[in-house]
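We will go from stop to stop, picking residues and looking at what surrounds them.

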Amino acid sequence: MTITTRKTCRVCGSDDLAILIDYGLIPLAGGFLLPEEKEQNVSYPLRLARCNQCTLMQVMDTLPPDDIFRKYSYASSTTKTLINHFQQMALDIVQAADAEGKLVVEFGCNDGVLLRPLRDAGAKVVGVDPSDVALRASRTDGWSLVNDYFNEGTAQQVKDQYGAAQVITANNTFAHTDDLHTIMRGVDCLLADTGLFIFEVHYQGDLIQLVQYDTVYHEHTCYYSLRSLQVLLEQYQFDIVDVMRISIHSGSIRVTAARNASGRAATPFVGGMLADETGWDIARFVQQVNVRRDTLRRLVYDLRGAGKRVMAYGAAGRVTVLLNFCQLGTDLVEAVVDMSPLRYGRLVPGVLTPIIPVDEFHHDLPDYAIMTAWNYEQEIVGKEQSFLASGGYFIIPLPDVRIVGAV
């Protein structure tokens, strides 16, 4: 697998980039391995940089997308929090864009967690996604799919078959590409003149404030400020007309963009957020990443030294980064618990920690569990009252390292 090192910013093309964090060698976050695939346990350089011109944070070391997304083990619908979020988002989209009976296209649609409620709300839906997860779900649920990447070619394909889209949407996927401009050319091709581009991305402001070092990985190439999105969209004659902060993924924004020619005025939230971004303390963020990593490692090391058993809870991409960056191997964390059958029996790449189902966790409870899916703390604590009641403890690694027991 060939890794490419970027020299310029993905949004504005500037070479004025500052390296913030060097993670060392980290495997692909979503590359969970079968036991017989241990020889494929490969790690790659991972560095996070920030553009001093447009303020985009971005991963400098990238891999070919086919090596990441064609065979994918993440399914959005395993998380109740996401299901509820996208059900409400579907209603919001249809109402905001007057999209009932009209075409809504989602790229990076995964298993259809948003397309299904969009269809139920009366929209005509088409997904664009290269993954095997999307292909299986579209066949099962009966929604239309272009099983490929979203770009000018696939946008034209959808337009030729279904017409222009009233809404194009993308959710936590707009950041998963090395070439943002091919996506924007696709949006420009497919979106109706009066249509809306409505998308959600992990917000750089929350990344900084919550010290979310565990959400930086090769598959997630960009971490947006609103300013960086404004610079990107302006290059294609789009304006940001609204923005909403949302709690999903520990801090995201929902951005609504329209063509300049549509004449839509921006809400006051847009200008307010752009002003707030000028006060971010980037140096403190970098310093606190090292503090949080070292604090967690010392805690787990001390617990194991005292004879306590430690597992992790949640096998999304965050777990790969956290366990590898904090150097928490199987001598310290014996297993990772997860809800998705797609991951059972697999190994976290790098550290090779086994992933087990929740039933196995309940059958042999550890003393402590690092909540690697800490962004779903409320949901997990609600599910795992029996673990806490038995005397078990959750270790919450971010935004501050803390321990949660039975109330």
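Select Leu352 to begin: with a relative accessible area of 25%, Leu352 counts as partly exposed, a class that sits between buried (under 20% relative accessible area) and exposed (over 50%), using a 1.4 Å probe and protein chains only. Leu352 lies in the loop between S16 and S17, and its phi is near 60°, a positive value in a residue other than glycine. The labels S and H stand for strands (E, at least two residues) and helices (H or I, at least four), which are DSSP runs numbered from the N terminus.

A word on what you are viewing: this is a predicted model, in which local features need pLDDT of at least 70 and side-chain atom pairs count only at pLDDT 80 or more, while totals for chains, interfaces and linings use all residues. Residues are numbered from 1 along each chain as its sequence is written, and side-chain values use heavy atoms, with hydrogens and water left out.

S16 and S17 form a hairpin with four residues between them, and Gly350 in the turn has a positive phi of about 85°. The two strands pair in the antiparallel sense over two bridges; strands count as paired if DSSP finds at least two bridges between them. Pick Leu347 and you will find Pro354 as its bridge partner in S17.

Now select S15 (residues 336-338), which runs parallel to S17 (residues 353-357) and is joined to S17 by three bridges. Val337 has Ile356 as its bridge partner in S17, and Asp338 stands opposite Pro357.

Zoom out to see the open sheet of seven strands, in the order S16-S17-S15-S14-S18-S19-S20 and with mixed pairing. Its edge strands, each pairing on one side only, are S16 (347-348) and S20 (402-404). Pro399 lies in the loop between S19 (393-396) and S20.

**Aromatic rings**

Next, show the side chains of Phe107 and Phe150. How are these two rings arranged? Their centres are 4.6 Å apart and their planes are at 10°, so the pair is stacked. Rings of Phe, Tyr and Trp (its six-membered ring) pair if their centres lie within 6.5 Å; planes under 30 degrees apart count as stacked, over 60 as edge-to-face and the rest as tilted. Phe107 is in S6 (residues 103-107), and Phe150 is 43 residues away in the loop between S8 (144-146) and H5 (152-162). Both Phe107 and Phe150 are buried.

Then try Tyr203 and Trp280, an edge-to-face pair at 5.6 Å centre to centre with 70° between the planes. Tyr203, at 3% relative accessibility, counts as buried. To see a whole cluster, select Phe107, Phe150, Phe174, Phe197, Phe199 and Tyr224 together.

**Two packed helices**

Select H8 (residues 226-234) and H9. They pack at an angle of about 120°, with their axes 9 Å apart; axes are lines fitted to C-alpha atoms, for helices over the stretch in contact, and angles run from 0 to 180 degrees between N-to-C directions. That makes H8 oblique to H9, the class left over when angles under 35 degrees are roughly parallel, over 145 roughly antiparallel and 65 to 115 roughly perpendicular.

Show the side chains at the contact (heavy atoms within 4.5 Å): Leu226, Arg227 and Gln230 come from H8, and Val270, Met273 and Leu274 from H9. Now pick out the buried residues of H8, which are Leu226, Ser228, Leu229, Val231, Leu232 and Leu233. Their packing partners are H6 (180-190), S10, S12 (238-246), S13 (252-259) and H9.

**Last two picks**

Thr267 is in the loop between S13 and H9. Its C-alpha atom is 5.5 Å from that of Asp242, 25 residues apart along the chain. Not counting residues up to four places away in sequence, Thr267 touches Val241, Asp242 and Val243.

Finish at Asp98, in the loop between H2 (80-97) and S6. Asp98 has a positive phi of about 50° although it is not a glycine. Is Asp98 buried or exposed? With a relative accessible area of 53%, Asp98 is exposed.
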